[in-house]
Amino acid sequence: MKSNEIRDVFLHFFKEKKHLILPSFSLVPQNDPTLLLIGAGMAPLKPYFTGEKQPPSRRVATCQKCVRTPDLEKVGLTARHATFFEMLGNFSFGDYFKEEAIVWAWELMTQGYGFPEERLYASIYQDDDESFVIWHNIIGLPESKIFRLGKDDNFWEIGTGPCGPCSEIYFDRGPAYSCGRENCTVGCDCDRYLEVWNLVFTQFNKEPDGSYTPLKQKNIDTGAGLERLAVALQGVSSLFEIDTVRLLLDYFAGEAGALYGEDEKKDVSLRVITDHLRSVTFMTADGIMPANEGRGYVLRRILRRAVRHGKLLGLEAPFLYKAVPLLVELMGDTYPELVRNSAFIIGVTRREEERFRDTLGQGMELLEKLAVSLREKKMTVMPGKDAFKLYDTFGFPLDLTREIMAEKGFIIDEDGFTEALEEQRTRARAALAQAREEGGNADLWSPLMSVEETPFLGYETMEAAARVLAIISREGDSFVRQEKSSGGDEVYILLDRTPFYAEKGGQVGDTGEIHWDGGTAAVTATLAGPGGEILHRVTIKKGSISQGAIVQACVDRQRRQAVARNHTATHLLHKALKEVLGDHVNQAGSLVAPERLRFDFTHIASLSTDELSSIEALVNDAVLRNYVVEPFVSSLQEAMQMGAVALFDEKYGEKVRVVRVGDFSLELCGGTHVASTGEIGMVKILHEGGVGTGLRRIEALTGTGAYRYLCCNDQLLKEAASLLKTTPDSLVPRLNELLDSQKELQRRVKNLQQQIGLARVESLLEHVDHTPGVPVLSVKVDAQDAETLRVYLDKLREGMKSGVILLGSVTDGKVLFAAAVTDDLVKKGLHAGKLMAEVARITGGGGGGRPDMAQAGGKDTQKLNQALAIVPELVRAQQQASKNN
C-alpha cells in the first residue's frame, strides 16, 4: 500500500466515523510559547483538549506534518530516526473514550489495512485495568499479547498541557528483525516489534510546576506515524525505503554517484540529506526563515548538517535546492503550500546553502588543525571556546561540531561553550542596557503595577472626557507618581479611558492635546504598557493638573487620518505582494507613521521594476475601487476559517479584531484605518531593498505625501526639460541624443589622445636596453585605460621587430601593465605571462597571459618604477633558465 493510500484510508475511515477531517496545521505553533515547532498531531489542538477553546467538532481527524529535533545527531546513523514525519491521528474532545478508540483502531488495522491479527500486540499503562479489559474481553486479544509497561513507555506527555496513559499497537516484523535475545518481545529496543499506533487517553493536564490536574473532560488523542505504517505495509526495512522517501534518497544517490546499501558511511549521509530536505522544505513552506535563534535556528541547524553530509558525498556545489521540485511533486497534492511556495523554498534553500559553503571549508580546515593539535597534546576534549569560535565565526551549530569531532574520537567541553556563549550574551545585554540608559529608558511602568487595562475609545471617537488616574514624572534614573504637575513640566498621564491610540503593531501612537478647566497639555506620544495600560507623554503648556482631574482628550485628527491612510495601505500592499510574488510573502514588520509607511516582508530576491510596477498598480486599483473598510470582532477560529491573514509569532486571544477591505484583503489587526480605500488618495512606492537574509523592505507614501512627492518630481522634470530645451515628454529621447553625442565626442578625444601618445611613444625606442642580451624596453607611459596601453604596445612591437616590451601606467589610482615578447624570442623560451606575474606582484597585484602577450594590474602606484626596473634582470633569468632546460 502506497503512502498516499495509507493516508487516504485513515482519513476516510474516520470520516465514516463522523469525524471532521482538518488539513494539517502549520509547523509554527499558534499562541503556544512552550513549543518551537509542531512535533505531534495533538499539539495544534491543545486548546481544545484543555477546554480553553471550543473545537469545530467533538470528533476530529488529521494528518499532521511534524518536525522534531531532540535526536538530530542520530538521524542517518539509524534507520528509525527522522526529523520530519507525518502523524495520522483521531481525536475526541469529551465525546468517545477508551472503548471506541481501541475498537476503531483494531478495526482499521485489521480490516482497513489488512494487518494479520496474529502479528499484532498491544501495550497498556501498568495501572490501566480498564484498557486491559477492553483489549482482552472486547477485542479478544490473549492476555499473553497484552503488555503492561511503565510511565516511560506508556504515559504520554510533551511539555506542559494535556497528557495521560496510553495504549500502543505493535506489529511483529518477524525473527529477521530480532535482536536474538531470548527475552525479545514487545518493549524491546530492537526492530522486530514496531510500534505503529499510540492511543493516548488524555485525562490530565501537566502544569508548568510539573503537577497533574484532571481535565474537565476526558479526551482521546491518537497518533499513527504514517512512515511507520508504510514500513510495515510495504515490507521494507526502514522509513528511508518507503515509496516517497526512497525516491528522494535515490535522487541524491544518483547526484552523488553512489549506490545505497554498498557503503555504510555514504548510506548515513544519504539518509541525512534525504530526511533533512523534507524538514527544510516543509519548514520554509510555512514561512520559517534561517536565523540565529528560535525556530529559524532549528532550520539552519538541519540545513547546515545536510550541507556537510553532502560535502562528504562529494557534492561540492549547492544541491539540496535542486531536489525541492521532486518533493513538491511527491507531496504537493496533500500539502498545497509546497506548490504555492516552491519558488520561495528553492530560493531560500539555495541561498542558505551558498552562505554556509562560503565558511564550511574554512571551518573544516580549522577543525582538522584542532584535531591534530589535540592528538599531539594527547587530549580527548575539545575546549569550549574553540567550539564557540566555530559557531560564532564560521556558523557551525554546536551539534554539528559535536558530531564531526565525535567521528574523530573527541568530545566537546560543552560547559565551556555555554560559558563563552553566555559571555557574549552578557556583553550584548550590557551594551543594550547602556544604550537604553543613555537614551533615558528607565522603567516607566513600575509605578503602575496595580493599574488595570485602559479602555480605548479611539475606534469610535477622537475626542472624549476622561479622569486623570495617575501622573508620573522622572526623578533621576527612576519614575515616580505625583499628585500634581505645573506648566512646563514633561510628565506621563494615565487616564481612566482614552481616544489616543498607543504605539504598537508597527503603528505610531497618537498625538494631540488634553484640555481642562484653566489648562492645556500637548500630547507628544502615546505608549502601550505591558498590562494594556495607555500612557500619554505630555508637556504642560498652561495651568496645572492634578490626579483626579476631569479632562477632555483630543486626538490630532489630521495626523490620525494620515496614519490611518498609511495603515490601510499596508494591508493593500501585503495583499498585492502575495498576488504578484506568491503566498510565501508574509509581513515581517512595519512602521505606520503619518508621513510614510514602511513594510518588511519575507522574500529572497530584489523586486524587478515590472514587479514593483504591478504591485503599485494593484494597490492603486484597490484605492480607486473605494472598497469599504470594515473592522469587526470575531473568534480566532472563525477568523482563520474565513482566511484572515495573521502574523507569525503574534499572540492572539480567543477574540480578535479583523479588518476586511472589500473582497480584496482580510487581516487580523488592532490598528486604526480609513472608512474606505478612496480616502487613501494614492500610493507611491519610493524604495525597495533588502534588510536581512530573506527579508525585503518597501517604503511608500500615501495621500498628500504622495501628491507632494509627485508634484516635486513633476517640477524637477519640467526644470530638466527646460535646461535641455525640450518638453517633459521628449526628455528621454533628448537625453539619449545628448548621451550619444557625448560618447562620440569622447571617442574622438580618445583617438586624438592616442595619436598624440603614439607620436610620443615612438621616441621611447631610444631607451631600449640591450644589456640583457636581447632588446628590452621597460618604461612608464601616460595611458588613460588598458586599451590605450595595448595600442602603444602594438606600435612599439612593430618598431622593435625583435625584443621584450613592458609598459606601465597609473590610471584612476591603479597600476596597469602590458607586456609583449616578439615571436623569435618566444621560440627561445621567453614568456610574457611569467614575466608579468613577477612584475605585477611587486605592486600588490596579479595577472598573466600568453607567452607573446600579457596584461596585469596593481594596487601600489608608488612601486611602479621599482617594478619596471627589475624587468631586464627578469629577462636575463628567463634566458638562463631556457638555456639550462
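## A pair of strands to start with

Strand S30 (residues 814-821) and strand S32 (residues 853-858) run antiparallel to each other and are joined by six bridges. Here two strands count as paired if DSSP finds at least two bridges between them. Helices (H or I, at least four residues) and strands (E, at least two) are DSSP runs, numbered from the N terminus. Within this pairing, Leu-816 has Gly-857 of S32 as its bridge partner.

A word on the model itself: it is predicted, with local features needing pLDDT of at least 70 and side-chain atom pairs counting only at pLDDT 80 or more, while totals for chains, interfaces and linings use all residues. Residues are numbered from 1 along each chain as its sequence is written, and side-chain values use heavy atoms, with hydrogens and water left out.

## The sheet around that pair

S30 and S32 belong to an open sheet of five strands, in the order S28-S29-S30-S32-S31, and the pairing is mixed. Strand S28 (776-780) and strand S31 (846-849) are at the edges; each has a single partner strand, so one side of each has no neighbour in the sheet. From one strand to the next, the twist averages 10 degrees.

Two helices lie across this sheet. Helix H21 (residues 786-800) lies across S28, strand S29 (804-811), S30 and S32, and runs at about 155 degrees to S29. Helix H23 (residues 832-842) lies across S29, S30, S31 and S32, at about 10 degrees to S32. Such angles run from 0 to 180 degrees between N-to-C directions, and the axes are lines fitted to C-alpha atoms, for helices over the stretch in contact.

## The chain as a whole

Stepping back, the protein chain has 25 helices and 32 strands. Its radius of gyration is 37 Å, well over the 29 Å that the globule rule gives for 885 residues, so the chain is more spread out than a compact globule. That radius is taken over C-alpha atoms, and the rule is 2.2 Å times the number of residues to the power 0.38. Along the principal axes, the C-alpha atoms fill a box of roughly 115 × 95 × 55 Å.

Of the 885 residues, 50% count as buried. Buried means under 20% relative accessible area, exposed over 50%, and partly exposed in between (1.4 Å probe, protein chains only). The accessible surface of the chain comes to about 41400 Å², and 49% of this belongs to carbon and sulfur atoms. Among contacts (heavy atoms within 4.5 Å) with a separation of 6 or more, 68% are between residues 24 or more positions apart.

Helix H14 (residues 398-407) is mostly covered, with seven of its ten residues buried. The buried residues are Leu-398, Asp-399, Leu-400, Thr-401, Glu-403, Ile-404 and Met-405. Just after H14 comes Gly-409, with a positive phi of about 90 degrees.

Two packed helices are described by the angle between their axes and the distance between the axes. For helix H9 (residues 294-312) and H14, the angle is about 30 degrees and the axes are 9 Å apart. H9 and H14 are therefore roughly parallel to each other, a label given to angles under 35 degrees.

## Two buried residues

Ile-345 lies in helix H12 (residues 342-376) and is buried, with a relative accessible area of 0%. Leaving aside neighbours within four places in sequence, Ile-345 is in contact with Thr-281, Thr-284, Ala-285, Val-324 and Leu-338. Ile-345 and Lys-145 are 200 residues apart in sequence and, C-alpha to C-alpha, 47 Å apart in space.

Thr-454 sits in the loop between helix H15 (414-438) and strand S12 (463-475), and counts as buried at 5% relative accessibility. With neighbours within four places in sequence again left aside, the contacts of Thr-454 include Leu-494, Asp-496, Arg-497, Gly-532 and Ile-534.

## Two exposed lysines

Lys-18 is in the loop between helix H1 (3-16) and strand S1 (20-22). Although Lys-18 is not a glycine, its phi is positive, at about 65 degrees. Lys-18 is exposed, with a relative accessible area of 66%.

Lys-378 lies in the loop between H12 and strand S10 (381-382). Its phi is near 55 degrees, again a positive value in a residue other than glycine. At 77% relative accessibility, Lys-378 counts as exposed.

Definitions and conventions: Accessible areas come from the Shrake-Rupley method with a 1.4 Å probe; for residues, only the protein chains shown count as cover. Angles under 35 degrees count as roughly parallel, over 145 as roughly antiparallel, 65 to 115 as roughly perpendicular and the rest as oblique.
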